[in-house]
Amino acid sequence: MTAAFDVERVLAELTLEEKAALTSGSDFWHTDGVDRLGVPQVMVTDGPHGLRKQAESADHLGIGNSVPATCFPPAAALASTWDVDLLDRVGRALGRETRGNEVAVLLGPGVNMKRSPLCGRNFEYFSEDPALAGDLGAALVSGIQSEGVGTSLKHFAANNQETDRMRVSSDVDERTLREIYFPAFERVVKRAQPWTVMCSYNKINGVYASQDPWLLTEVLRDEWGFEGLVVSDWGAVVDRVAAVAAGLDLEMPATGGRTDALIVDAVKNGQLDEAVLDTAVRRVLTLIARAQPALADPGSIDVEAHHALAREAAADGSVLLKNAVVGDAPVLPLSADDAAHAVVIGEFARTPRYQGAGSSQVNPTRLDDALTALRAATSTDLAFAAGFSVAGVDGDAAAPTDAALLAEAVEAARGAGTVLLFLGLPAPDESEGYDRTHLDLPANQLAVLRAVAEVNDRVVVVLANGSAVAVEWQDDAAAVLETWLGGQAGGSAVADLLLGVRNPSGKLAETIPHRVEDTPAFGNFPGDNGQVRYGEGVLIGYRWYDTRLVDVAYPFGHGLSYTTFGYSDVTATVSGEGASSAVDVSVTVTNTGDRAGAETVQVYVGDPEAAVLRPTRELKAFAKVTLEPGESRTLQFTLDARDLSYWHPALRRWAVGGGRTVVEVGASSRDIRGTAEVTVTGESLHGTLSADSTVIEWLAHPRGAELLGAAFGEATAALDPTMLAMMGDMPMRVVASFGMGGFDLDGLDALVARAAA
């Protein structure tokens with residue numbers, strides 16, 4: 001491997017053509033190099049939950065073979081751990097595998113919001129909440145980059161669907177961008193400084209993300225302080241010259257020199273300042289040089305240790321949604337006797353659905369299935385029935401029909417102690433490149449559930465899916481375990497949970513609604529005619545359901561355990577004021593059950609007196625704590641001014657409105673265990689007064705009220721209360737033109753000038 005080089009020396013010696021070439025790929029997965037100056041090519045590969053290094057044929061959609069690598073659970077499952085320490089450890093393992101395969105940058109993680117459960121790529125994204133996604137994303141990035149290789153935070157920004165993803169315009173107001181779709185990216189950038197950020201395919205309010213200077217330079221670099229390189233998603237560049245001018249540093253993949261020539265011509269004819277190109281080249285060279293030490297010393301990979309970590313992550317990311325009492329005890333965990341007399345039903349038990357389709361597909365080093373793991377753990381040849389066929393799973397042409405498989409499943413369930421029924425979404429139902437059209441499980445699977453439930457009242461449903469599915473069938477199940485997509489060790493992790501080897505601790509990182517019609521973006525997803533309107537604004541996910549009092553199947557943050565937890569002594573104390581405000585929150589958590597377990601404590605904030613519509617509650621902090629039976633621990637959280645702020649549309653900045661603030665601590669957004677109310681002293685939020693400012697705005701402004709003075713009151717004294725109320729929202733120019741305020745338009749101009757003085 002070439003030794004590290006001096007970036008500024010190389011930059012000074014490059015030709016214009018070499019500069020242009022360095023800001024695009026040399027092929028599908030490599031940056032370009034300059035042999036005469038000792039600049040090597042480096043490789044980047046897909047992630048984000050495992051290395052997808054294609055050894056030979058190169059493609060972006062997972063058709064070509066890739067080298068074996070640990071397939072960790074995708075982001076949907078990792079997010080449900082709510083465990084930043086675990087995400088750091090997974091990141092370190094991913095970093096070691098990236099380094100060990102001589103790859104410079106792993107393309108991930110994705111921190112786009114789950115605006116709709118129908119997004120086909122939701123399995124690759126963490127959450128519907130930006131605070132959770134940002135904290136987990138920062139931990140993963142820090143872990144990966146601790147091994148001397150880079151990450152690519154994606155897809156920036158407002159990329160929340162697959163339908164028409166390469167052209168669609170996400171039409172969204174700035175407040176919504178700032179409060180919902182930007183913060184996860186901002187947290188990762190500020191806390192972890194990813195080596196690269198990947199721009200998305202879509203337009204934002206009509207401008208392609210790849211050539212948006214406000215997005216890539218003003219926000220990302222000037223406001224957030226991003227120091228790394230901006231790379232395009234593969235094929236996202238529409239106008240290479242405009243993209244470089246906007247702040248895009250590297251176009252991927254290679255275009256055979258076509259767009260390089262456009263850059264050269266643009267510099268020569270004065271359309272593009274060569275200094276701007278030099279900035280992009282410097283960032284590319286810096287990344288290549290930064291990767292050299294790790295690439296020169298790849299190190300070793302402990303495949304077994306990484307598989308064990310994947311098993312731990314899959315278990316901790318599984319969410320126990322339901323666990324009914326049948327007889328005198330909850331169905332789960334299974335006792336040794338119950339396990340020995342259980343029957344396993346469902347093709348997914350032996351043919352696991354463990355990752356999503358598209359560019360993130362990993363070639364696992366090994367693959368555990370639940371049936372084998374359960375048989376090994378119980379030392380019993382547990383009975384098995386496939387129950388149903390699965391789309392995308394190869395089968396014998398003479399395989400039984402679904403009717404025959406169902407009949408076999410019913411006979412297996414009849415008389416069995418417990419039915420472990422494995423259901424889920426077939427691989428073709430969710431993938432990069434297209435969105436889902438409904439939330440339902442396949443009809444043939446639901447038919448098996450209904451039929452089996454008629455002959456056995458101890459049915460445990462184990463779900464495998466990359467994003468939320470409707471659970472209107474849950475009354476037919478005594479227990480429901482949501483495993484998402486568990487990665488290569490998911491089968492063993494399921495056995496650990498069902499048998500009580502591990503205690504479930506996962507919490508939902510996304511709401512499970514009853515119906516697609518209840519979801520926030522329904523009617524505005526996926527848009528049409530090249531546009532998608534974000535009409536729900538800041539009310540996505542639980543913000544929508546909780547604020548609008550919409551009933552859900554399972555709320556954000558929900559997750560059961562084999563033990564129980566009590567919350568007490570919730571307090572909140574304010575310090576500072578305005579932009580220096582902070583709230584210290586304290587809560588004591590106690591394991592009130594009879595086995596060790598982990599609980600995720602969630603802190604929400606509400607601002608019921610805000611001048612703008614705000615959600616009933618917003619997650620601002622969380623912590624996962626493991627407790628022995630009877631053990632208590634007091635947790636402390638500090639909420640800063642940003643946690644108390646909203647994006648002020650007129651002032652175009654974060655603002656602390658102040659007033660009554662509600663701090664809630666709970667086990668989910670609908671399971672609040674303690675509340676404390678405090679009064680926060682807000683900032684002065686008076687903007688600049690103009691002729692277009694309303695009467696209310698003038699009177700609320702200290703200088704405006706002073707200027708209007710008693711004369712205005714005298715001029716309006718004769719108006720009745722109804723007219724006065726109507727007048728409040730009138731722009732002052734209208735009041736002046738009507739002669740209602742005791743001054744004309746010239747007099748108003750004088751007032752505006754005095755207000756600005």
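Contact means that heavy atoms lie within 4.5 Å. The legends below describe a predicted model, in which local features need pLDDT of at least 70, side-chain atom pairs count only at pLDDT 80 or more, and totals for chains, interfaces and linings use all residues. Residues are numbered from 1 along each chain as its sequence is written, and side-chain values use heavy atoms, with hydrogens and water left out.

**View A. Surroundings of Asn 160.** Asn 160 is found in the loop between strand S4 (150-156) and strand S5 (169-171); strands (E, at least two residues) and helices (H or I, at least four) are DSSP runs numbered from the N terminus. Beyond its neighbours within four places in sequence, Asn 160 contacts residues including Asn 112, Met 113, Tyr 181 and Tyr 534. Asn 160 has a relative accessible area of 2% and is therefore buried (under 20%; exposed is over 50%, partly exposed in between, with a 1.4 Å probe and protein chains only). Its side chain forms a polar contact of 2.6 Å with the side chain of Tyr 534 (a pair of N or O atoms within 3.5 Å; within protein, one must be able to donate a hydrogen and the other to accept it, and residues adjacent in sequence count only if both atoms are side-chain atoms).

**View B. Surroundings of Ser 505.** The loop between helix H17 (490-498) and strand S19 (531-533) holds Ser 505. This residue is buried, at 6% relative accessible area. The side chains of Ser 505 and Lys 624 are joined by a polar contact of 3.0 Å.

**View C. Helix H8 and its ends.** Among the buried residues of helix H8 (residues 213-223) are Trp 214, Leu 215 and Arg 221. At the start of H8, a side-chain oxygen of Asp 212 comes within 3.1 Å of the backbone nitrogen of Trp 214. Just after H8, Gly 225 adopts a positive phi of about 80 degrees.
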